[in-house]
Amino acid sequence: MASTATGTTADADFSGMGIYVDGRVKNELDDLLRTKNVTELTARDVHLISSMHYLDDQPMLKAAEFFGLEKRDGTDGDGGGGGGGENTASESDASSLHSKQPSSSPKTILDFGAGFAGDARCLASEFQDTCVTCVEVQRHIHDAAEAFTTMLGLKDTCLHQCVDVFEDDDGDGENIEDGAPRNKIKIKGAPFDALYSVLVILHVPKRDRLWSVLSANLKPGASIYIEDYFALAPLSDLDKKKLQEVVACPYLPSKETYVKTLVENGFENIEWETMTSKWVPFIETRLSQFRAPENTERNLRVHGAALTKELDVFYSTVHELFTNGSVGGVRIRAKKAKF
């Protein structure tokens, strides 16, 4: 998809990102099925091959804690998969913003830019009274994600929609112009109790429009959990080029601009946790392990030379951007204002 800089959720060019190629996930699934029968697979089995973010299951588990979800086995908080990580002071403060009392009706979560829905399926299968709606704009990824969900028998609690939230209400394919009404609900099942989005919003240039639409799809008082990139320092032309061409990130705001946009679109109690120092070791390890001789042989066997090269370019470019001091990572928890 070519970038047109109009602000739609389809603006970013993903063609250079090997991590987004659905063939990568199919290759990984085929390799998994060499040792395990499809009827034995669980959401956890396919989580890592279908998730595309950092710290494995930590974002999902931290979000579940913030949303007040309870594990199906009766436990609460970080657990399972080993990716929960440590609790910081800011995390304890953030968790106090929600109630952990179980609800009488399912809690509805909007997973915006769900990708292959690895997190969404785990949330839907591992937590009580939870229904996740996955919104994805790329049709081939939506189709692959939905196939995974059906294969795992989770289609009743993990729902899928392929939709560009910026399309107009007449459905004629035109985009909402700046200044047009933005308060109409676009997503089936809205308004939602919570919003979950990890390493997705970096792909959308027109943030004010995006947050206006997302806000319209949330209930008053809804919780939001976001992990995203932000600009730690002014970006060089080379940084911008690499972000756009390799990471499909056409625009990156500073912390101040990011928070201002959230406030202007009705969000409050904003907890900003800078994650750069926690992400960099993960990014470094990912690259070094990918290039390790034993893994190189495995990657060539599973993915072939062309896709292996694309993945290497992506992983190495992200490593460079995060280690040169220009790009940072953030975990955001906030609430939509009740009034």
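The following legends describe close-up views of a predicted model.

**View 1. Packing of helices α10 and α11.** Helix α10 spans residues 276-291 and helix α11 residues 293-323. Their axes lie 8 Å apart and meet at an angle of about 150°. Because an angle over 145 degrees counts as roughly antiparallel, α10 and α11 are roughly antiparallel to each other. The crossing of α10 past α11 is left-handed. In the contact of α10 with α11, eleven residues are nonpolar, nine are polar and four are charged.

**View 2. Helix α3 and the residue that follows.** Helix α3, residues 58-67, is mostly covered, with ten of its ten residues buried. Among them are the charged residues K62 and E65, as well as M60, L61, F66 and F67. Just after α3, G68 adopts a positive phi of about 80°.

**View 3. The salt bridge between E126 and R44.** The closest N and O atoms of E126 and R44 are 2.6 Å apart. E126 belongs to helix α5 (residues 118-126), whereas R44 sits in the loop between α1 (22-32) and α2 (47-50), so the pair ties together parts that are 82 residues apart in sequence. E126 is buried, at 14% relative accessibility, while R44 is partly exposed, with a relative accessible area of 26%.

**View 4. The salt bridge between K36 and D45.** K36 pairs with D45 in a salt bridge whose closest N and O atoms are 3.0 Å apart. Relative accessibility is 27% for K36, which is partly exposed. D45 is also partly exposed, at 25%.

View 5. R139 and D143 both lie in helix α6 (residues 139-151), four residues apart, or about one turn of the helix. An α-helix has 3.6 residues a turn, so residues three or four places apart point the same way. The closest N and O atoms of the R139 and D143 salt bridge are 3.5 Å apart. R139 is partly exposed, with a relative accessible area of 48%, and D143 is partly exposed at 38%.

**View 6. A network of salt bridges.** E227, E273, K278, R331 and R333 are linked by salt bridges into a network. The whole structure contains 15 salt bridges.

View 7. The structure holds zero disulfides. The cysteine sulfur closest to that of C131 is in C158, at 8.1 Å, which is too far for a bond, because a disulfide requires sulfur atoms within 2.5 Å. C131 is buried, with a relative accessible area of 17%. Another cysteine, C162, is partly exposed at 26% relative accessibility.

Methods: Residues numbered from 1 in each chain as written. Predicted model: local features only at pLDDT ≥ 70, side-chain atom pairs only at ≥ 80, totals over all residues. Heavy atoms only, no water. Axes fitted to C-alpha atoms, helices over the stretch in contact; angles between N-to-C directions. Helix = DSSP H or I, 4+ residues; strand = E, 2+ residues; numbered from the N terminus. Parallel < 35°, antiparallel > 145°, perpendicular 65-115°, else oblique. Left-handed = near helix turned anticlockwise from the far one by under 90°. Buried < 20%, exposed > 50% of the residue type's maximum accessible area, 1.4 Å probe, protein only. Salt bridge = Lys/Arg side-chain N within 4 Å of Asp/Glu carboxyl O.
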